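Here is a short briefing to read alongside the model. Keep the sequence and the 3D view open as you go.

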Amino acid sequence: MEKASVIIPGYNLADCAVKAVESVLSQTYKNIEIVFVDDGSTDDTRERLAPYMDRIKYIYKENGGVCSARNRGIRESSGEFIALVDCDDAYLQTKIELCAKFLRDHPDHGLVHTDAYIIDEHDNAVGIDSHPSRRHTGWITDKLIMMNFICNPTIMFRRECLDKAGMYDENLFPPADWDLWLRISEHYKIGYINQPLSKYRVISNSCFHGLERTKRENKIVLDKFFARNPKASRRLKRAAYARYHLSMAQCYFLKEDEKQFKEQLKASFQYDSLSLRAAAVLFYSFFARKSFRAMLERKILRVSFKS
């Protein structure tokens, strides 16, 4: 049975950190190494984790951001399989078992991901994070460059993937996981389990925090990808940048920043003048603003999921 290393980066979220650790300790898969990287917390995270110290590897470091914590945890781990869960997320009991089985049964796949339950700040399940694009498996880079449909706490990958793909880019924050998944997908097939096996916490309106940074860094991810892949088709490149600008336009529409909304939508049309998606956004933004906003709230802000 392969060892699975679970890396948990944490910063000033002691209550959540305990829940994340307990969710990994309760796994049905038993050959697990838990590496908790405390990224300079000033709350009582260390004290709250004290009862678990004999079952986890606890590392304290100066605050350097979540990617530096993830990389430190990976370097300090020893498992053949690596999984990551931020300290405000959690696992269902069979998460590691099913992901490890998938990688064992599919030796030509480097990474597997799943669906996730969406939880709010009170731990209430408010929906399921699933997307039709996830059904694409195998060599999915051309699909993944269009948008990041891989939910971070659902993944497991082989350690060997990092030999070719490299580690997390510590200069990135919002799209750092997307950047790594893309690099892995360029060398390995990607698998998918059509089942929610993690709990992914989403706070309403969180997409507005650092929106300018998200816009800047998402473009950096695209620029890096096409610099690595100079032979990528012109069609793929134009489609990827068109989708990027359209995605940002929708965020600015929700933020009620009309100027940025128009600029981003215009840029999307410049890359793909025949885009039906962009045309639909333009139509609904003029003639059905209220229903369009409600749709985007469900899609982007992840609100109003309860039935």
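Is arginine 72 buried, exposed or partly exposed? Arginine 72 is partly exposed, because its relative accessible area is 30%, where buried means under 20%, exposed means over 50%, and partly exposed lies in between (1.4 Å probe, protein chains only). This is a predicted model, in which local features need pLDDT of at least 70, side-chain atom pairs count only at pLDDT 80 or more, and totals for chains, interfaces and linings use all residues. Residues are numbered from 1 along each chain as its sequence is written, and side-chain values use heavy atoms, with hydrogens and water left out.

**Salt bridges**

- The count comes to 22 salt bridges, a salt bridge being a side-chain nitrogen of Lys or Arg within 4 Å of a carboxyl oxygen of Asp or Glu.
- Arginine 72 pairs with glutamate 76 in one of them, with the closest N and O atoms 3.2 Å apart.
- Glutamate 76 and arginine 72 are separated by about one helical turn because they sit four residues apart in helix H3 (residues 66–76); helices here are DSSP runs (H or I, at least four residues) and strands are runs of E (at least two), numbered from the N terminus.
- Glutamate 76 has 33% relative accessibility, so this residue counts as partly exposed.
- Arginine 48 and aspartate 15 form another salt bridge, their closest N and O atoms being 2.5 Å apart.
- That pair links distant parts of the chain, joining arginine 48 in helix H2 (residues 45–48) to aspartate 15 in helix H1 (residues 14–25), 33 residues apart.
- Arginine 48 counts as partly exposed at 33% relative accessibility, and aspartate 15 counts as partly exposed at 48%.
- Glutamate 258 bridges to arginine 289, with 3.5 Å between the closest N and O atoms.
- Here too distant parts of the chain are linked: glutamate 258 lies in helix H10 (residues 258–271) and arginine 289 in helix H12 (residues 289–301), 31 residues apart.
- Glutamate 258 is partly exposed at 32% relative accessibility, and arginine 289 is partly exposed at 38%.
- For a linked set, look at Asp169, Asp179, Arg183 and Lys224, which are joined in a network of salt bridges.

**Nonpolar cores**

- The largest nonpolar core has 54 residues, and those with the most contacts inside it include Leu111, Ile150 and Trp181; such a core is a set of buried Ala, Val, Leu, Ile, Met, Phe, Trp, Tyr and Cys residues joined through side-chain atoms within 4.5 Å.
- Helix H9 (residues 234–254) gives the most to this core, with 11 residues.
- Beyond its neighbours within four places in sequence, isoleucine 150 is in contact (heavy atoms within 4.5 Å) with Leu111, His113, Arg134, Leu144, Ile155, Trp181 and Ile190.
- A second, separate core has 29 residues, among them Ala17, Phe36, Tyr58 and Cys99.

**A buried aspartate in a loop**

- Aspartate 86 is placed in the loop between strand S4 (81–84) and strand S5 (90–91).
- Its relative accessibility is 17%, so aspartate 86 counts as buried.
- Not counting residues up to four places away in sequence, aspartate 86 touches Ile8, Pro9, Ala20, Val66, Arg70 and Asn152.

**An exposed phenylalanine**

- Phenylalanine 286 belongs to helix H11 (residues 276–287).
- With 57% relative accessibility, phenylalanine 286 counts as exposed.
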